Amino acid sequence: MKNILWISLAMPLLFACSEPVKENNVAAENSEDKAQVASDTSAIEAGKDYHSFANPDEITVKHIDLDLTADFDSKQLTGSATLTVERQKESANTLVLDTRELDIDSVTVNGEPVEYTMGDTDPALGSALSITLPDTATAVTVNYATSPEASGVQWLTPAQTAGKQHPFLFTQAQAIHARSFIPLQDSPQVRVTYDATIRTPDDLLAVMSAANDPDTPRDGVYEFTMPQPVPSYLIALAIGDLEFKAMGKRTGVYAEPSMLDAAAAEFEDTESMLEATEDTYGPYSWDRYDLLILPPSFPFGGMENPRLSFITPTVIAGDKSLVSLIAHELAHSWSGNTVTNATWRDLWLNEGFTTYLTYRIMEMIYGHDRYRMEAVLGYQDLQEDIDALPDNDEILAIDLRGRDPDDVFSDIPYEKGALFLREIEQKIGRANFDAFLVQYFDHFAFQSITTDEFIAYLDETLLKKYPDELDRERVLAWIFEPGLPEGAPVPTSDAFTTIDEQRTAWLNGEKAAVDIATQDWTVHEWLYFLNNLPTELSDEQLEELDSAFSLTQSKNNEIAHSWLLMAVQNEYKPAYDRLYEYLVSIGRNKLVKPLYRELSKTPEGKAFAAKAFEEAKPGYHPLTIKANEGFVNP
Ligand code: BES
Ligand code: ZN
């Protein structure tokens, strides 16, 4: 990977980072963050991974052989990782790995112990494991066990699963949690192939982000192979009472038995999505594409683990209304898994491209109107973040030095990134932009790239070819400046015009809620109706809406989320039982965090939040605990 200094491309914009940070509720959530944001005003070294201790420039890990046993009693993965290494510098003899809370038993080369040291622990990064390699060594084995509190592993009791009979385990490595279950070079610019033997209780099935055989005998020993090189954040494992159901030739779903049919029906369009994406963006590189449905504590909507996306059950709505999540995780097979961000500063290359592709896939499969509604909703989420975030956090190529990537999660890399690409598409024409993307995915296939390498590639391709349509200064403004450039393409939806009219008529008292013509509304129309109500509503108004539309009882988790947020903003007590139930039954951070944040604004709300959090905590994922405990603790 080339090391181009960012300073060379964006000199005048450097000062964006040194501006004082705006006071606002998001930054104020974490006062440590604020100090960190303003702390470093020196130039960022593009391509330097500020979130890894590893030294791939000297010695690179190329392949990992895992042999791990899952012990559900002690909540530990125990066994070994054998790393095949390649020296980049002949004299190099120290291999530096990332670890977090690993219990290292021994480090061996050809069965002989070798020397190693553990560095100091950084709260965000963990500890460096430095191993002295004999001159001729090409492989090193680390014998270790994970901590029961490993940040990247969640161990669930039977009670926390759908079937209530068997325990469950899943890993979530992105961004920097692979190091909590494997000692490795935990940087997205290091790609490895891997093989794994996973030992589980006999009656459980293990699956990985690798070749999975749906017909493997269930005997407690499972073998996996991932022949394509992947970054560490895409190594994933899950173990549970899982069954498989095919959805198409190359697509299927793994889930607990009671969820299997509903999941396969909800996501039955996955095969068509895969075909449409291939037709538009080039061949799928990963053989099969399966889904794994996790228990509700899964902290994200989805995670693009290669060949096997991990999916929250909260999107199984019964009407395919939330399946853009599948389009998103599938799209990562191109943008993210094939072409990967080199550092976490470059996350927008993964998420922005993927969000752009998601909209395109949704349009291909469900039509123009649905795509436009989803694009408007996405744009509104983006505007909310732009209103709330400090300037530094609105920059696509964000400065993450000294910060924990988990603390900086927002819609900026997603929706702003997608809007930037949408603008290029509109300026040069869709067919031309599609051709560019096919070429881009092919050119950088199985590589990790920086924002600067992307800009250099644009210089050689689109900026050269379309000098009249595209402007380099504007491209740099999109990438290195906060907010949106003047004239950014704003999505619109005709379907929403009538929603605005009806909402206004109701708010003006010209129409009763029961007379609003909602019979043909889809989930997106409901979300648009709710999300654009004024923040302050009276109890009478909320009661009227609730009795007309049973919003407190909505089975759609996104609608329920929007409604419950309004209920908290207005202290609408009839919804609080449902709110409590929602908070203790869902661990997806995007759905619970805004509710905790809002509740924490009043002493009474905070006490309610603390009670729900205490009850939910044993079932929450470490990331969800970390993201919300600040709201409930004094
Ligand atoms: N790769 C992300 C999840 C992620 C990003 C985990 C950064 C850790 C650090 C995944 O593809 C994702 O974007 N999930 C979203 C889906 C949504 C935008 C459709 C989610 O979980 O909400
Ligand atoms: Zn994503």
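**Figure 1. Ala 81 and Val 142 in the pairing of β2 with β8.** In this predicted model, Ala 81 stands opposite Val 142 of β8. Strands β2 and β8 (residues 139–145) run antiparallel and are joined by seven bridges. Strands here are DSSP runs of E of at least two residues, helices are runs of H or I of at least four residues, and both are numbered from the N terminus; two strands pair if DSSP finds at least two bridges between them. Residues are numbered from 1 along each chain as its sequence is written, and chains are lettered from A and ligands numbered from 1 in the order in which they are written. Local features need pLDDT of at least 70, side-chain atom pairs count only at pLDDT 80 or more, totals for chains, interfaces and linings use all residues, and side-chain values use heavy atoms, with hydrogens and water left out.

**Figure 2. The hairpin of β1 and β2.** Strand β1 (residues 59–71) pairs with strand β2 (residues 76–87) in the antiparallel sense over 12 bridges. Ile 59 has Arg 87 in β2 as its bridge partner. Four residues lie between the strands of this hairpin, where Lys 75 takes a positive phi near 55°.

**Figure 3. The open sheet and the pairing of β1 with β11.** The sheet has seven strands in the order β5-β4-β8-β2-β1-β11-β13, with mixed pairing. Its edge strands, β5 (112–113) and β13 (221–231), each pair on one side only. Strands β1 and β11 (residues 191–199) run parallel and are joined by seven bridges. Thr 69 stands opposite Arg 199 in β11.

**Figure 4. Strand β9 and its partner β10.** Buried means under 20% relative accessible area, exposed over 50%, and partly exposed in between (1.4 Å probe, protein chains only). β9 pairs with β10 (residues 168–171) in the antiparallel sense over four bridges, and Trp 155 stands opposite Leu 169.

**Figure 5. The zinc ion (ligand 2).** The ion is coordinated by His 328 (NE2), His 332 (NE2) and Glu 351 (OE) at 2.0 to 2.1 Å. His 328 lies in helix α6 (residues 324–331) and Glu 351 in helix α7 (residues 347–366), so the pair ties together parts 23 residues apart in sequence. Donors are N, O and S atoms within 2.8 Å of the metal (3.2 Å for Na, K and Ca); water is not among the atoms, so sites may look incomplete. Both His 328 and Glu 351 are buried.
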